[in-house]
Amino acid sequence: MPELAEVEYIRKQWDAGIGQPIRTVEVRAGKRIFRGTDVEALVETLTGAKLLGSETRGKQMLFRFSRGGWLGIHLGMSGHLRVEAADFAAGKHDHLVLRQKQQALVFEDPRMFGRVRFHAGKDAPEWWTSLPPALISPEFTVAKLRENLARRLRSPLKAVLLDQALFPGVGNWMADEILWQARIHPATPTGTLAAKHTQTLWKNTRMVCRVALETIGRDGNDPPARWLLHVRWKPGGHCPRDGALLDRGVIAGRTTAWCPVCQPEPA
DNA sequence: CAACCTGTTCGCCA
DNA sequence: ATGGCGAACAGGTT
């Protein structure tokens, strides 16, 4: 489910537990959720540790604890964070439960495409610090975008937008939204994009990220009513800009919606 | 009942 | 050797 702004909103669900020690840690070990993770070290370090804070990078979240505990969570397709009463009983999809005096912090993920990582140490782990800079940061420049696109000349733009190394946090709906805002057809091969369109793509990438973070990311509010995401799911949806019936198809392996009028086929 | 899914990774093929 | 594509992952929802 979650992309950039949803991840930011979900991350804050655990803010209720900041400053309080974890009394017990419950883990449904042996699940693919914990692949590559030292679950014993996670339990040992976090038991008795205090949650200090958290941040988001793209679709990744990092929770910082006292005693040098760093917990990374990726929500995958169906992951979610929530807060329950301190004595609640974990359900079968609740893979990680951090119990505090006042409440329990829960990570659930029915489909188990998500991932939990753990690191113990003074500094944040390499798997966190090596993530690319945010699309709304000053480091994401038009020149940088041009450079990224130049490495994938034959790919459809939709595929490139879904690449987390290049567009961290962008998922299926955001990719469609950005291309629709920029009036560029999702199947356009990267190498055929006019310089002017690269500029437009850059501008709209930042705009969609910024506005999504200010609405969904801030408090779960809806993004602007005239955005594509409100109509892109159901067949029969119409372009909020010109009213044309939206086209749908599979591009880069994902369901994609676009407007045949304002996002014309690449030549 | 069958198809579909806001994500990632792997192996195959060009 | 790259790079792109489909399949696989697993369960819920339509």
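These legends describe close-up views of a predicted model.

**View 1. Helix H2 and its two faces.** Helix H2 covers residues 39-46, and its buried residues are Val39, Leu42, Thr45 and Leu46. Looking down the axis of H2, these buried residues fall within an arc of 140°, so they line one face of the helix. Glu40 and Glu44 are exposed and sit on the face turned away from the buried side. The buried residues pack against strands E1 (24-27), E3 (60-65), E4 (69-74), E6 (94-99) and E8 (115-120).

**View 2. The two ends of H2.** At the start of H2, aspartate 38 places a side-chain oxygen within 3.3 Å of the backbone nitrogen of glutamate 40. Just after the helix, glycine 48 has a positive phi of about 95°.

**View 3. The largest nonpolar core.** This core has 30 residues, and Phe167, Val170 and Leu201 have the most contacts inside it. Helices H1 (4-11), H4 (142-150), H5 (157-161), H6 (172-182) and H7 (195-219) each supply at least two of its residues. H7 gives the most, with 7 residues. A second, separate core has 25 residues, including Ile22, Leu42, Phe63 and Ile73.

**View 4. Surroundings of leucine 201.** Neighbours within four places in sequence are left aside here. Leucine 201 is in contact with Leu145, Leu149, Leu157, Ile178, Leu179, Ala182, Ile184 and Leu193.

**View 5. The hairpin of E9 and E10.** Strands E9 (residues 247-251) and E10 (residues 254-258) run antiparallel and are joined by 5 bridges. Isoleucine 251 stands opposite arginine 254 in E10. The hairpin has 2 residues between its strands, and alanine 252 in the turn has a positive phi of about 55°.

Methods: Residues numbered from 1 in each chain as written. Chains lettered and ligands numbered in written order. Predicted model: local features only at pLDDT ≥ 70, side-chain atom pairs only at ≥ 80, totals over all residues. Heavy atoms only, no water. Pairing = 2+ DSSP bridges. Helix = DSSP H or I, 4+ residues; strand = E, 2+ residues; numbered from the N terminus. Buried < 20%, exposed > 50% of the residue type's maximum accessible area, 1.4 Å probe, protein only. Arc of directions from axis to C-beta. Contact = heavy atoms within 4.5 Å. Polar contact = N/O pair within 3.5 Å; in protein donor to acceptor, adjacent residues only side chain to side chain. Core = buried A, V, L, I, M, F, W, Y, C linked by side-chain atoms within 4.5 Å.
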